[in-house]
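Let's take a friendly walk through a structure together. Have a look at it first, and then we'll follow the details step by step.

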Amino acid sequence: MSSVATTPKKGFDFKAFLANNGALVGLVVLCLAMFIATPRFLTGPNLMNIGIQVSTIAVMAFGMTFVIVAAGIDLSVGSIAAISAMTSSYWVTTAGLPDGLSIVVGLAIGGLCGWVTGAMSAYGKLPTFIASLAMLTIVRGLTLVISDGRPIATGDSVSWLGGDLGFMPVPILILIVSGLIAAFVLNRTIIGKNAFAVGGNTEAARLSGIPVKRVLVTVFVISGIFAALSGMILAGRLDSAQPTLASGYELDAIAAVVIGGASLSGGVGRISGTLIGALVLAVIRNGLNLLSVSAFWQQVVIGLVIAIAVGFDVLRRKNVRH
Amino acid sequence: MSSVATTPKKGFDFKAFLANNGALVGLVVLCLAMFIATPRFLTGPNLMNIGIQVSTIAVMAFGMTFVIVAAGIDLSVGSIAAISAMTSSYWVTTAGLPDGLSIVVGLAIGGLCGWVTGAMSAYGKLPTFIASLAMLTIVRGLTLVISDGRPIATGDSVSWLGGDLGFMPVPILILIVSGLIAAFVLNRTIIGKNAFAVGGNTEAARLSGIPVKRVLVTVFVISGIFAALSGMILAGRLDSAQPTLASGYELDAIAAVVIGGASLSGGVGRISGTLIGALVLAVIRNGLNLLSVSAFWQQVVIGLVIAIAVGFDVLRRKNVRH
Amino acid sequence: MSNDALLVLDRVCKSFGPVQVIDEVTVEVHAGKVSVLLGENGAGKSTLIKMIAGVHSADSGRILMDGKEVQIPDTKASEALGIATIHQELNLVPSMTIAENITLGRVPRRFGIINRREMRRIAREALDQLGLNLDVNTPVGDLGLAQQQLVEIAKALSLDARVLILDEPTAALTNAEIAGLFEVVNQLKTKGVGMVFISHHLDEIAAIGDFVNVLRDGKFIATVPADTPENELVRLMVGRDIDAQFPRQTATPGEQHLLSVENLSVGALQNISLSVRPGEVVALAGLMGAGRTELIRAIAGADKYTSGTVKVAGKKLPRNDVAAATRAGLGHVPEDRKTQGLVLDASVAENIGYATMASTAKAGLVDRKGQRERAEKVAARLRIRMGNIDQPIRSLSGGNQQKAVFGRWFSAGAKVLLLDEPTRGVDVGAKVEIYELINEITSSGGCVLMASSELPEVLGMSDRVLVMSQGRIAGELATNEATQDSIMALAVSNVHREDEMGKK
Amino acid sequence: GRGEAAAEGAKATLAVSTLNNPFFVDLRDGAQAEAAELGIDLSVVDAQNDSASQANQLATAATDGTEGVIINAVDTETAEAGLAPIVSAELPIVAVDRSVGDTKVASFVASDNVAGGEQAAKALAESLGGKGKIIILEGVPGASATNERGEGFTKGLKEFGDIKVVSSQTANFDRAEALDVVTNLMQSNPDATGVLAMNDEMALGAIQALGAKAGKDVKVVGFDGTEDGFKAVEAGTLVATIAQNPAELGKQSVQILAKAMKDEAVEEVVQVAVDTVNTDNVADYVTK
Ligand SMILES: Nc1ncnc2c1ncn2[C@@H]1O[C@H](COP(=O)(O)OP(=O)(O)OP(=O)(O)O)[C@@H](O)[C@H]1O
Ligand SMILES: Nc1ncnc2c1ncn2[C@@H]1O[C@H](COP(=O)(O)OP(=O)(O)OP(=O)(O)O)[C@@H](O)[C@H]1O
Ligand SMILES: O[C@@H]1[C@H](O)[C@H](O)CO[C@H]1O
Ligand SMILES: [Mg+2]
Ligand SMILES: [Mg+2]
């Protein structure tokens with residue numbers, strides 16, 4: 001799998017489709033298994049639930065995809081989600097500033113945090129793992145400082161992000177729109193293409209005149225903005241910004257990207273794959289709850305399913321290429 | 001910084017020394033800063049504390065160094081530490097089997113878990129991130145299942161690991177001995193050399209007839225064994241194996257290795273560097289406690305110090321090579 | 001099929017997906033003989049030898065060793081049969097030392113503990129064979145490309161193999177090193193080692209080969225003696241005649257300097273000044289390690305320099321800023337395509353398009369259609385052999401990859417081309433294509449600064465030659481007055497002077 | 001002992017399990033306010049729910065000249081080993097909120113988790129009229145609060161034979177996790193009429209998941225008595241919460257430590273009241 005658009009071929013190449021969508025096969029198998037195990041799985045409301053539940057990790061993982069495509073890693077997304085939710089709520093609830101701006105403030109904070117991580121790694125030459133690990137703790141600490149360790153009620157705008165629009169849950173709407181935007185930016189714009197080049201071979205990209213440092217900063221800013229959006233969705237659903245919001249979510253977000261077929265060594269990744277990866281995780285959690293599997297065994301099963309889902313992907317790819 | 005033994009030169013090449021020991025400089029600066037900030041830092045008992053406190057992360061990170069040198073990553077070490085501590089305690093306290101074997105049982109379980117991760121990634125072709133992430137949750141789940149979520153008292157042998165030998169705390173003793181062993185295996189044996197080769201250029205290693213898959217499995221087994229040892233030291237210090245023991249420690253262990261100068265893209269890493277990395281983390285935590293920095297700000301400072309410590313290393317390296 | 005053959009590839013076939021790359025090819029290797037494989041880029045030479053090296057397995061056909069059929073599923077098996085391979089692309093671990101690389105996969109040890117002294121001894125011995133004076137404790141990543149290639153050769157030599165395969169070992173080497181290598185090859189011949197030799201330098205074939213197997217499009221064409229005239233070999237190889245190997249059309253150089261470098265210093269480079277006018281091709285010649293690559297990289301903005309200025313059309317370029325250099329019309333074909341030139345997993349089209357992506361984008365959107373069209377055009381022009389333009393460039397043959405890197409800058413319309421060994425691994429036919437593109441650039445007012453270790457290329461394609469030695473420009477020659485000897489004399493000039501100074 | 005030494009200006013340490021939870025933030029605030037009052041130099045360390053970190057922090061405090069320790073243990077079992085350096089330095093220890101095994105402490109200031117669990121279960125059962133299907137939300141697996149409250153739940157539900165626990169799942173004391181878990185569980189158990197949560201954070205997540213059903217079709221009971229918890233009780237979405245009084249826990253533990261540092265006699269066990277707070281009495285708590 002690569003960034004490469006495959007040649008439009010006549011007819012439908014099923015083998016190639018599988019090769020490019022191993023994780024999708026894993027997801028389908030998983031859904032089938034869940035469906036057989038419990039009829040409650042495949043009901044409208046439950047699918048709606050999954051859609052809402054997947055939204056936070058998926059949106060976060062969309063941003064993460066950019067960083068991973070550029071051969072980086074962003075461990076700070078959970079913390080950024082929290083600080084953005086916290087500041088946008090603080091803006092309204094505590095500081096009493098206009099609610100209309102709260103989402104913008106949250107997104108700006110997210111982008112700013114991403115910018116700092118990106119600058120640390122591009123100009124300060126820190127490995128992205130370290131730069132974002134540092135941000136993970138710095139930003140979480142700042143969130144605790146701002147909130148003094150207490151939750152803050154969200155303003156109306158942020159609450160709206162977690163609500164419904166007619167029959168349609170807003171988180172699902174955001175999921176779709178932000179996914180389309182992310183896919184567009186990744187595949188059609190210079191930003192995305194540069195990320196692929198930098199991730200594929202940094203030195204070759206640099207020698208081709210691609211501004212590698214700026215690209216690195218940009219992907220982190222994107223990741224920060226998506227993380228902020230994800231944090232505000234989550235806070236909106238809870239009507240409250242928690243200081244511990246989204247902690248540990250970074251591993252889930254990274255897992256979603258990798259399950260979706262991206263490579264941590266860079267140069268490869270797709271938004272659709274990331275969505276599938278996030279769905280795999282959400283479906284397992286949902287299904288295991290439906291099945292009332294004990295909390296202890298749930299963890300065992302989640303681990304197994306992650307391994308198997310990615311295994312499917314590896315297997316499919318092997319079958320087609322050498 | 002590299003695995004390479006530099007040519008014995010006449011006189012002492014200070015610049016080269018700095019280049020190879022940027023993290024050490026960071027550590028020294030950090031210690032100086034702590035010493036200036038509080039006279040309590042540089043007292044015998046406090047240094048002893050740091051020694052004991054660093055032991056768990058350092059021992060875990062020694063094993064992690066092998067995996068990272070081979071261009072992998074092992075997220076499962078915290079969970080492996082827990083399951084090893086748990087089974088070795090269960091072996092004695094609950095199953096009533098001979099205490100003399102408990103440490104061996106713990107180490108074997110650790111090695112076995114590592115073997116599974118390694119096999120998943122070598123033979124199942126899963127990225128090490130995913131294989132070890134799967135193991136992180138599987139093994140934690142199994143630990144909860146075994147213990148039914150409750151702590152188990154450790155047997156005498158494991159408790160001894162957390163105790164004293166005359167004036168010498170056993171954790172410090174283990175830290176030293178296991179560090180020496182790890183350095184020896186990494187630098188002097190075929191296992192270590194193969195890990196460097198695989199991490200430095202997998203394709204070249206394969207074409208030179210190095211059994212790449214076996215090497216991958218081996219580094220994970222090593223990491224598992226060290227994680228087990230670290231878990232038992234921790235349980236020994238607490239006289240109790242907790243189901244939640246060492247959770248989240250993987251990030252600290254990885255950070256220690258990277259602060260110590262290893263590269264996550266493989267081929268580079270040193271045990272002495274890893275020890276320094278672990279010490280940087282332990283000294284910050286200890287110092288911030290001594291200084292009574294508020295808990296929230298502590299996180300901010302820890303993040304900053306991690307960034308600065310690694311920044312030092314990067315800076316030093318840049319000064320010497322281009 | 002003769003009975004005394006050491007190794008025989010008997011009617012082997014290989015395809016990748018639907019593409020048949022090797023079609024019923026039979027090749028023999030004899031003890032004490034060098035059997036040359038000749039063919040255009042993408043003819044299938046590397047694929048063929050990879051079957052012996054245990055990298056690829058044949059789809060059909062047999063491999064015989066000493067008359068008996070053998071299976072070679074992996075590299076270990078190949079090594080066990082006494083086969084050593086120098087692959088076309090370097091296979092070294094940059095973070096490890098020369099000694100560690102030479103003994104990679106067979107470190108001397110007891111009970112798993114490494115005998116470092118023995119390791120260094122083996123490495124030292126292997127380097128001595130090539131007359132190389134390098135510290136075996138140096139990390140390979142610190143070496144220049146030519147030195148890396150020599151380490152790779154030394155590594156294969158130290159295996160004491162019965163069959164030695166050399167896939168374009170000379171592509172990155174200067175004449176002196178090539179001569180050294182051939183000396184070793186001749187020694188191995190007397191020891192009865194059978195060798196397979198691949199090169200696009202036709203003059204080397206007569207110098208070292210015994211017989212030549214010609215491949216074309218994956219098919220076996222003929223076996224001919226090594227002293228077959230070059231034009232005959234070319235005809236067999238490409239199926240047509242090539243009129244002029246070096247079709248340089250000198251353009252009248254313009255007045256203003258298009259590229260000028262003043263007092264540039266960095267690392268070993270000391271106060272380099274040079275200038276190139278529009279329409280000129282200036283060659284940089286020199287021995288291995290003379291500093292040509294360092295100079296080209298500094299000018300291109302790839303590395304920092306400590307002092308000096310670089311100007312394009314009179315405008316000063318910022319230091320260490322490739323993007324700015326590119327915008328000013330500079331194009332840089334780096335020395336090592338694999339690590340510096342290509343994003344191996346990206347498609348041919350994308351690799352060709354990197355330099356034009358930003359300039360052709362509208363409102364941040366990549367001009368996908370235009371990028372493809374431009375890539376298609378350049379690929380056709382350079383006859384890049386591939387399945388389609390969306391194929392990952394990794395799966396192209398080495399020479400075709402090199403053409404793609406060149407094509408990137410041609411399609412970007414670079415006015416100042418900085419070429420570092422531009423035709424490394426490129427076949428004779430394709431070289432001519434590249435040379436003609438160079439002509440096109442100079443006739444349209446561009447200029448070229450070309451570092452090359454191939455003296456025929458230097459003499460055939462440049463207007464002036466700057467000879468570098470030990471980080472300095474030792475002298476300048478007009479190409480029409482220069483000879484290989486006059487260039488070499490300058491190339492070693494500083495070396496001698498320093499030796500004398502050392503004695504004082 | 002230090003005989004005449006007054007508490008004034010003395011150096012003490014408060015080791016908290018985690019401050020990422022408003023409960024402990026309140027506890028800390030209570031303690032700090034009282035310390036300021038008494039002129040004690042109280043330094044607060046946060047173990048972020050990791051026993052080993054807490055052990056490290058206690059060891060550091062012991063060598064750092066602290067004169068007394070208030071510990072809110074991450075874990076009852078491991079606290080004993082972690083406190084060893086304090087014990088060998090013969091410093092007074094006050095355990096707060098969670099017990100510390102067999103370690104000899106000057107005083108244990110706490111609300112009883114088992115009893116509280118029992119009260120919570122009863123409150124829910126009564127609001128359901130003694131019958132129905134309920135869901136239990138567990139805390140962090142293996143944490144002592146989880147185990148003890150679970151024990152209390154079981155005890156409390158024993159009397160109510162017609163209450164059936166249809167699912168017991170963890171949401172790790174976390175509001176966001178509870179939101180997803182309860183959403184999912186209501187799918188598989190649409191007829192559930194009660195949620196028994198081991199803390200208020202999870203109860204609030206459950207309420208969020210239940211939407212309009214909360215307090216009407218499905219009754220929720222929490223634990224802790226946080227500010228948000230009380231608000232939910234007032235709003236009628238939360239039937240009851242078992243109010244510990246964290247600020248009071250903090251305040252009293254400092255008072256007691258101050259006495260202990262002056263070698264004055266102190267009560268071995270101080271029970272801070274655990275109250276069932278529901279619509280009837282919530283007003284008293286909010287005004288506090
Ligand atoms: N892994 C692969 N997948 C698909 N096609 C491949 C692969 N490897 C080689 N090929 C194709 O096989 C053909 C022969 O390649 P090969 O590398 O053997 O050429 P070559 O004769 O060595 O050329 P050069 O002189 O450029 O090195 C080329 O067309 C190449 O694109
Ligand atoms: N990354 C590096 N680190 C340290 N030294 C280097 C590095 N790259 C090159 N050198 C050294 O700098 C000197 C100049 O090398 P350069 O590559 O410029 O030579 P060159 O003339 O291009 O020769 P060739 O390419 O044939 O080796 C050599 O001695 C080389 O070993
Ligand atoms: O008492 C506290 C609170 O209930 C908190 O919510 C979890 O930990 C317990 O110890
Ligand atoms: Mg080839
Ligand atoms: Mg060069």
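A backbone N or O atom of Arg292(C) sits 2.8 Å from an oxygen atom of ligand 2, a polar contact, meaning a pair of N or O atoms within 3.5 Å. Another oxygen contact of ligand 2 involves Thr293(C), whose polar side-chain atom is 2.5 Å away. On the nitrogen side, a polar backbone atom of Asp142(C) lies 3.4 Å from a nitrogen atom of ligand 2. The protein covers 76% of the 630 Å² of accessible area that ligand 2 has on its own (Shrake-Rupley method, 1.4 Å probe).

This is a predicted model, where local features need pLDDT of at least 70 and side-chain atom pairs count only at pLDDT 80 or more, while totals for chains, interfaces and linings use all residues. Residues are numbered from 1 along each chain as its sequence is written, chains are lettered from A and ligands numbered from 1 in the order in which they are written, and side-chain values use heavy atoms, with hydrogens and water left out.

Who else surrounds the ligand? Of the 14 residues around ligand 2, Arg292(C) and Thr293(C) are among those that come nearest, as is Glu335(C); a residue counts as near if one of its heavy atoms lies within 4 Å. The largest share of this shell, three residues, comes from α9(C), a helix (a DSSP run of H or I, at least four residues). Because residues from chains B and C surround ligand 2, the site is shared between chains. Within chain C, domain 1 (7-238) and domain 2 (259-503) both give residues to the shell, so ligand 2 lies between them; the domain bounds come from an automatic or database assignment.

Note on methods:
Polar contact = N/O pair within 3.5 Å; in protein donor to acceptor, adjacent residues only side chain to side chain. Helix = DSSP H or I, 4+ residues; strand = E, 2+ residues; numbered from the N terminus.
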